[in-house]
Amino acid sequence: MYPAVVDASTWNSVPIRLENVLPRAGVPAKLPPDSRTAGAGRPLFEDHMTYIITQPCIDTKDASCVDVCPVDCIYEGEDQYYIHPEECIDCGACVPECPVEAIFPDDEVPETWNEFIAKNYLYFDVPAP
Ligand code: SF4
Ligand code: SF4
């Protein structure tokens, strides 16, 4: 089982990507950030993607997402929170916690907020794909 990602009530209402979560059932609830990469900043999983925090987080920043992230990969910036693209395990648990719907999978970010993809990568000094 994947113990601490979401509670049972969340499974029915959240767009969690089961295909991403279930193969990683052996992943502990909390992982040290270094264990998420395979060295030289390369993603551990070949199909790796990330989630992106967008404009509505600015001026909100209530950190609701931080508490549910199983790998502690959501970091506070000056104007908004950011998700580390190499530490995120794509579980989707943070999405329903955001009161302003600011979090999207990187391939579903609304076009008007596309700039936040590059902003997110730049914050961690990680090359954008
Ligand atoms: S999708 Fe990424 S940032 Fe969101 S809770 Fe899961 S691991 Fe954390
Ligand atoms: S829950 Fe939403 S608004 Fe709050 S810090 Fe996370 S992304 Fe920002």
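This is a predicted model: local features need pLDDT of at least 70, side-chain atom pairs count only at pLDDT 80 or more; totals for chains, interfaces and linings use all residues.
Trainee: Let's begin with the overall fold. In what order do the elements of the protein chain run from the N terminus?

Mentor: Happy to start there! The secondary structure comes to four helices and four strands. From the N terminus on, the order is α-α-β-α-β-β-β-α.

Trainee: What share of the protein chain is buried?

Mentor: A residue counts as buried if 20 or more other C-beta atoms lie within 10 Å of its own. The protein chain has 129 residues, and the buried part of them comes to 26%.

Trainee: Now to helix H4. Where do its buried residues lie around the axis?

Mentor: Helix H4 covers residues 115-123, and its buried residues are Phe116, Asn120 and Tyr121. Looking down the axis of H4, you find these within an arc of 140°, so they line one face of the helix.

Trainee: And which residues are exposed on the other side of H4?

Mentor: Think of the two sides in turn. The buried residues have a cover that includes strand E1 (51-53) and strand E3 (81-83). On the other side of H4, the exposed residues are Glu115, Ala118 and Leu122.

Trainee: One last thing: how do the residues around ligand 2 divide?

Mentor: Ligand 2 is surrounded by 14 residues, and the closest are Cys57, Thr60, Ser64, Cys65 and Cys98. By type, the shell divides into nine nonpolar, two polar and three charged.

Methods:
Residues are numbered from 1 along each chain as its sequence is written. Chains are lettered from A and ligands numbered from 1 in the order in which they are written. A residue is near a molecule or strand if its C-beta atom, placed from the backbone, lies within 6 Å of it. Ala, Val, Leu, Ile, Met, Phe, Trp, Tyr, Cys and Pro count as nonpolar, Asp, Glu, Lys and Arg as charged, and the others, Gly among them, as polar. Helices (H or I, at least four residues) and strands (E, at least two) are DSSP runs, numbered from the N terminus. A residue is buried if 20 or more other C-beta atoms lie within 10 Å of its own, exposed if 12 or fewer, and partly exposed in between; C-beta atoms are placed from the backbone. The arc is that of the directions from the helix axis to the C-beta atoms. Two residues are in contact if their C-beta atoms, placed from the backbone, lie within 7 Å.
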